[in-house]
Amino acid sequence: MSESSGRPRAPITEADVLAWLETTAAAVRAGEVSAPELIEILGELRRASAACADASDWALLAAREEGASLRQIAPVFGKGYVRAPAARLEKLHRQAQNSSQWLAILRHKNEGAR
């Protein structure tokens, strides 16, 4: 949680990723990172991307449970169309009816990955 606002914050931001990318790109240009290491990084990033998508789905479910309308949610999906979050919710509801169930699915998925 952020000290200043007291509300939860995403564990990583676009700025964090760009700063990491700039540093890593410089290391690659300097010959400090090998192709096999880059492949390992690629795998880590792919898994992190999937985890971020899962967290995004949880936040979508939780926002709806807290009373957010599709019109309020739509702008974070890009164009502001309510079809995007509505379609995502429909797909999610095939697996979980609420954010608690989704979190339980994620826990189970994480335990299976160990």
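Leu103 lies in helix α5 (helices here are DSSP runs of H or I with at least four residues, strands are runs of E with at least two, and numbering starts at the N terminus). At 33% relative accessibility, Leu103 counts as partly exposed; buried means under 20% relative accessible area, exposed means over 50%, and partly exposed is in between, with a 1.4 Å probe and protein chains only. Leu103 is 49 residues from Asp54 in sequence, yet the two C-alpha atoms sit 8.9 Å apart in space. The model is a predicted one, in which local features need pLDDT of at least 70 and side-chain atom pairs count only at pLDDT 80 or more, while totals for chains, interfaces and linings use all residues. Residues are numbered from 1 along each chain as its sequence is written, and side-chain values use heavy atoms, with hydrogens and water left out.

Ser99 has a relative accessible area of 7%. Setting aside neighbours within four places in sequence, Ser99 is in contact with Trp58, Leu61, Ala62 and Glu65. Leu106 is buried too, with a relative accessible area of 17%.

Next comes the packing of α2 and α4. Helix α2 (residues 35-65) and helix α4 (residues 83-93) pack at about 100 degrees, with their axes 11 Å apart; axes are lines fitted to C-alpha atoms, for helices over the stretch in contact, and angles run from 0 to 180 degrees between N-to-C directions. That makes α2 roughly perpendicular to α4 (under 35 degrees is roughly parallel, over 145 roughly antiparallel, 65 to 115 roughly perpendicular, and the rest oblique). From α2, Asp57, Leu60, Leu61 and Arg64 meet Pro85, Arg88, Leu89, Leu92 and His93 of α4. The residues of this contact divide into five nonpolar, one polar and three charged, with Ala, Val, Leu, Ile, Met, Phe, Trp, Tyr, Cys and Pro counted as nonpolar, Asp, Glu, Lys and Arg as charged, and the others, Gly among them, as polar.

In α4, the buried residues are Pro85, Leu89 and Leu92. Viewed down the axis of α4, they fall within an arc of 65 degrees, so they line one face of the helix. What covers them includes α2, α3 (70-73) and α5 (99-113). Ala84, also in α4, is partly exposed at a relative accessible area of 33%. The C-alpha atoms of Ala84 and Ala74 are separated by 7.0 Å, with the two residues 10 apart along the chain.

Finally, helix α1 (residues 14-29) has 16 residues and reaches 22 Å from first C-alpha to last, close to the 22 Å expected at 1.5 Å a residue. Gly31 follows α1 and has a positive phi, near 75 degrees.

How values were computed:
Contact = heavy atoms within 4.5 Å. Arc of directions from axis to C-beta. Expected span 1.5 Å × (residues − 1).
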